Amino acid sequence: MDLNLIIRYLRIVSGSFLFFYVVTHLSNHSLGIISIDAMEYGRSFFLTFWRNYFVSIILYSALAIHLLLGIYALARRKNIKLTAKEWTRNISAVLIPFFLAGHLSITLYGSRWEGLIDSYSFMVVSTWVFDFTGVIFLILMLILVWIHGVIGIHGLLEFRSFYIRYKRVFFSIYWVIPSLAIIGYMSAGMKALDKSDRDPSFVLETLAKSNYKEATGKLILEISDKLQFLLYPSIVGAILCFYLFRYFWLRSQKTIRVDYLDGMRSFVSKGTSILETSQQAGITHEHVCGGRGRCTTCRVRVLSDLNKLPQPNQIESKVIKRLGFDKNVRLACQLRPESDIKIMPLLSLNKETKSQIQLGTQRSLSGVEVEAVILFTDIRGFTRMSETKLPYDVVYILNKYFKFVVESIEDNGGRVDKFIGDGVMAIFDISNNMNENCKNALVASRSISKSLKLLNEELKSELDEDLKIGIGVHAGTVILGKMGFGQSSSETAIGDSVNIASRLEQLTKEHSCEIMISKKLADLARINQKNFSSLKTKIRGKEDEMDALFMEQASEIQIN
Ligand code: FES
């Protein structure tokens, strides 16, 4: 297996494991809102799991691996042009060990080697009564760890359909867990201070119960100081020296030339990734996943000799295989050329490029080829029905209909491309995983169908007959680009796949069904196809017949 892929998996697995630990730890803190006893009660369960011999080994290994891989990733960077999110993640990662040192000296060294019982009573009393700086440190550490963890987890899940669907729930959790933990810790601290004021023996008893001795305290403090003020600065200093050394070394190395289609040119050392090259040269280059080979937004078309390119690494190969890229399309974050190269970034969705698009520059008008899912939906017989209604009523019904259609699409990672009379065309391409995009489109279709039922109920007295819709969905390659002229231009998708989705939607009329999808889409979404009827249909302009599936009610689609 490719080393990059192994490293990536190790980072994900160790990071996720550590995040799970943090979630349980902070949840335990939040019991302080009730009482210190409640925290101790929660801790008994926490310890049963986390101080189990094997789990402890896994936990500390995960911590060490995550730390080392973080240092390795930092060391591999050839520039420090980072996005705000990357800066936050890296700065928090650098600061966490400093704040963690004191805590680890107690919980790891003190409890395991000095017989100290690091109960909540002890931790709360030792900080709130004796060391208020410790309180600030603990709260800062909690915030840093949480921010770092959430950025990692968000990066890992952001294109998953379930995450997109339940984004609000996840975001609420991101706020609720640390807030409750801080409130719990503060409330326990207040209770401890109050108790120590009322009963001076409380503090001594707590220390005695925790097996605390002055000599142990001194030792822990010494270790903590050594970690924070000797080891930590040494490691950070060593990394900085490494950077400086490499910076000058790279400058003395042979360089290669990277040419961009629009005439920009940059000279970098061999082995620098194209994404890093763009960043170094100040060229805006989309990289939604932060260069981890998960999003494909950094992809470029190579315009020079393909034979001189290094083979794709395993991360890149997987993406290329899954999305069926042409041979000359590569991921800028993974491609590290060894010789001169000419490229053209394929996706430019940032603000700067959007303004270029508004100006109608050549690049934006040329469009990009992407894999996407296209959905068409249309109301059946709406023109006929609207002839018998007042214009005001027609607009009222249409707006109600559009509201839930748009919500269903957007809540499931899609975007409305255009409204065509009473029809809607939507694109689902948020994920680099087409299975996810296909699933998203089907969940959106199901949601539209369910909402339509509710609307029909609501408008029962207004309508002579229920509103009926047709939905067509297909997955394939489309050209995304700016179409039109001047102010009247807008970004849209065109291509065979769009025509096929539209044709499938029209076929729903002939087959009196609510939804018709291509077999290809159903396979990609890995849905249960038993409830669908199948047919072969001819698409205009295509020689071969294509397989399609249809269902009377889209609300009955079963998705795993
Ligand atoms: S930046 Fe996401 S794949 Fe390259």
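Which residues touch the most other members of the largest nonpolar core? Select Val373, Ile374, Leu375, Cys438, Val473, Ile517 and Leu521: these are the ones, in a core of 52 residues. A nonpolar core here is a set of buried Ala, Val, Leu, Ile, Met, Phe, Trp, Tyr and Cys residues joined through C-beta atoms within 7 Å. A residue is buried if 20 or more other C-beta atoms lie within 10 Å of its own, exposed if 12 or fewer, and partly exposed in between, with C-beta atoms placed from the backbone.

This is a predicted model, in which local features need pLDDT of at least 70 and side-chain atom pairs count only at pLDDT 80 or more, while totals for chains, interfaces and linings use all residues. Residues are numbered from 1 along each chain as its sequence is written.

**Whole chain**

Of the 560 residues, 33% are buried.

Colour by pLDDT, the predictor's confidence in each residue from 0 to 100. The mean is 85, and 91% of residues reach 70 or more. Two residues are in contact if their C-beta atoms, placed from the backbone, lie within 7 Å.

**The largest core**

Return to the core and select helix H17 (residues 434-458), which gives the most to it, with eight residues. Then centre on Val373. Beyond four places in sequence, Val373 touches Phe428, Asn437, Cys438, Ala441, Val473, Ala475 and Leu521. A second, separate core has 28 residues, including Leu116, Met123, Leu142 and Tyr212.

Next, select His474, in strand S9 (residues 469-483). His474 counts as buried because 31 C-beta neighbours lie inside 10 Å. Beyond four places in sequence, its contacts are Ile374, Ser497, Ile500, Ala501, Leu504, Ser518 and Leu521. A distance to draw is His474 to Leu375: their C-alpha atoms are separated by 6.7 Å, though the residues are 99 apart along the chain.

**Strand S7**

Select Asp417, in strand S7 (residues 415-420). Is Asp417 buried or exposed? Asp417 counts as buried, with 22 C-beta neighbours inside 10 Å. Met425, Ala426, Ile427, Thr492 and Ala493 are its contacts beyond four places in sequence. From here, the C-alpha atom of Phe202 is 67 Å away.

**Helices H2 and H5**

Move to helix H2 (residues 36-50) and helix H5 (residues 120-128), which pack at about 130 degrees with axes 9 Å apart. Axes are lines fitted to C-alpha atoms, for helices over the stretch in contact, and angles run from 0 to 180 degrees between N-to-C directions. H2 and H5 are therefore oblique to each other: angles under 35 degrees count as roughly parallel, over 145 as roughly antiparallel, 65 to 115 as roughly perpendicular and the rest as oblique. Show Ile36, Met39, Glu40 and Arg43 of H2 with Tyr120, Ser121 and Val124 of H5, which make the contact.

**Last stop**

Select Glu114, in the loop between helix H4 (84-113) and H5. Glu114 is partly exposed, with 16 other C-beta atoms within 10 Å. Beyond four places in sequence, Glu114 is in contact with Tyr109, Thr216 and Leu219.

Methods
Helix = DSSP H or I, 4+ residues; strand = E, 2+ residues; numbered from the N terminus.
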